Structure formats: C-alpha cells, structure tokens
Amino acid sequence: MGTWDSGPFDNDTAADWCGEVNDADMAKRPMLVREALSRAADEEGYLDGDVACAAIAAAAIVAAQQPGGPAITSSYAPDFLLDGGRLDLPDDLAPLAARALDRIMAADSEWHFLWQDAAGPSNPAFDSVHDLRGVLTAR
C-alpha cells in the first residue's frame with residue numbers, strides 16, 4: 001500500500017476508491033460508500049488493509065456530511081466533494097461508519113497493525129480515525 005500521510009485519503013487505495021466514487025453515477029455513490037463501510041464492519045476474519053483504507057475514506061465522507069463535520073480538503077478525495085457537492089446519504093450510514101472504524105482499530109486489522117508498528121508514541125493516523133468516530137457518534 002502506498003501511503004504518503006496519515007489522513008483518510010492519503011494512500012493509494014483510498015485515492016483509487018475515491019476515483020471510483022467520483023466517476024460513478026450520482027445515484028450509485030451512496031451505495032459505494034455503504035459497500036466500503038460494510039466490507040470492513042462485517043469482516044469476521046483478519047481485516048485486509050485495503051478494505052480498511054477504503055472504509056476510512058468512506059467514513060470521512062460520511063463524517064463530512066454530519067453537522068459540524070470536518071471539511072474535505074484533500075485533493076485525493078472525490079472531486080465533486082471538493083467542488084462543494086454533497087451526497088444524499090441515509091441516516092444509518094453514520095452508525096455503520098462508526099462500526100467500521102471500530103473494526104479497523106481492532107487487533108486483527110492489518111491497517112491497525114501497520115500504523116501501530118510505524119507510528120511510535122504519537123499516532124496521527126489513529127488520531128484521525130478517533131476524530132472521525134467522534135463526529136459520527138456525536139448525535
């Protein structure tokens with residue numbers, strides 16, 4: 001996995017997934033977000049890092065749509081969101097996104113293992129996930 005920073009869109013997998021979302025028909029975009037979140041949240045075995053990266057990007061999109069959610073500013077996010085667009089997302093995606101993030105932070109997650117091993121005492125990737133989860137559960 002090519003990673004250049006700790007944000008939700010700062011890796012090859014997330015950037016590629018965002019490209020797919022951007023290129024998809026507007027009506028299919030919420031389904032792509034749901035699929036990315038569900039794949040992570042529902043994984044019962046070892047969670048693959050690529051699945052986690054797509055889910056974190058999807059969770060960031062859901063969080064940005066919440067009241068007081070963080071603005072999406074990464075040039076690797078879907079272009080339509082950077083241009084001020086929004087998605088009509090169902091209310092059940094915020095709890096699903098929180099559940100996906102919980103799964104990603106579990107011990108049997110490749111993403112968790114790699115960032116835990118790489119970051120040392122300060123972990124901006126973990127902080128980013130915790131911040132997103134806070135927005136998603138603030139209701």
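**Close-up views of a predicted model**

**View 1. The lining of the largest cavity.** The largest cavity is lined by 15 residues, and those lying nearest its centre are S6, G7, N11, W111 and W115. This view, like those that follow, shows a predicted model. Two or more residues of this lining are given by each of the elements α3 (49-64), α6 (110-119) and α7 (124-136), and the largest share, three residues, comes from α7. About 80 Å³ of space lies in the largest cavity, and a search of the whole structure finds one cavity of 30 Å³ or more. By residue class, the lining of the largest cavity divides into eight nonpolar, five polar and two charged residues.

View 2. A search of the whole structure finds three aromatic pairs. One of them is the tilted pair of W111 and W115, in which the rings lie 6.3 Å apart from centre to centre with 45° between the planes. Because W111 and W115 are four residues apart in helix α6, about one helical turn separates them. W111 has a relative accessibility of 5% and therefore counts as buried, and W115, at 17% relative accessibility, also counts as buried. W111 forms a tilted aromatic pair with F126 as well, at 5.8 Å centre to centre and with 35° between the planes. This second pair links distant parts of the chain, since W111 belongs to helix α6 and F126 to helix α7, 15 residues apart. Both partners, W111 and F126, are buried. Taken together, W111, W115 and F126 form one aromatic cluster, and two of its members, W111 and W115, are also among the residues that lie nearest the centre of the largest cavity.

**View 3. A charged side chain over a ring.** In this view the charged end of R29 sits over the ring of F80, at 3.8 Å from the centre of that ring.

**View 4. The largest pocket.** About 210 Å³ of space lies in the largest pocket. Its lining is made up of 14 residues, of which P8, F9, P70, A71 and I72 are the closest to the centre. Helices α3 and α7 each supply at least two residues of this lining, and the largest share, three residues, comes from α7. The residues that line the largest pocket divide into eight nonpolar, four polar and two charged.

**View 5. The second largest pocket.** About 160 Å³ of space lies in the second largest pocket. The residues of its lining are T13, W17, E20, L32, E35, A36, R39, D50, V51 and A54.

**View 6. The salt bridge between R99 and D42.** The count for the structure comes to four salt bridges, and in one of them the side chains of R99 and D42 meet at 3.2 Å, N to O. R99 lies in helix α5 (residues 93-104), whereas D42 lies in the loop between α2 and α3, so this pair ties together parts that are 57 residues apart in sequence. R99 is partly exposed, with a relative accessible area of 41%, and D42 is likewise partly exposed, with a relative accessible area of 45%.

**View 7. The salt bridge between R133 and D102.** The side chains of R133 and D102 meet in a salt bridge with an N to O distance of 2.5 Å. The pair links distant parts of the chain, as R133 lies in helix α7 and D102 in helix α5, 31 residues apart. R133 counts as partly exposed at 29% relative accessibility, and D102 counts as partly exposed at 36%.

**View 8. The salt bridge between D108 and R103.** The side chains of D108 and R103 also meet in a salt bridge, here at 2.9 Å, N to O. D108 has a relative accessible area of 32% and is partly exposed, whereas R103, at 11% relative accessibility, counts as buried.

Notes. Residues numbered from 1 in each chain as written. Predicted model: local features only at pLDDT ≥ 70, side-chain atom pairs only at ≥ 80, totals over all residues. Heavy atoms only, no water. 1 Å grid on protein atoms, 1.4 Å probe; cavity = no way out; pocket = protein on both sides within 12 Å on 5 of 7 lines; lining within 4 Å. Points joined across faces, edges and corners; volume = space filled by probe spheres on them. Nonpolar A, V, L, I, M, F, W, Y, C, P; charged D, E, K, R; others polar. Phe/Tyr/Trp six-rings, centres within 6.5 Å; stacked < 30°, edge-to-face > 60°. Buried < 20%, exposed > 50% of the residue type's maximum accessible area, 1.4 Å probe, protein only. Lys NZ or Arg CZ within 6 Å of the ring centre and 35° of its normal.
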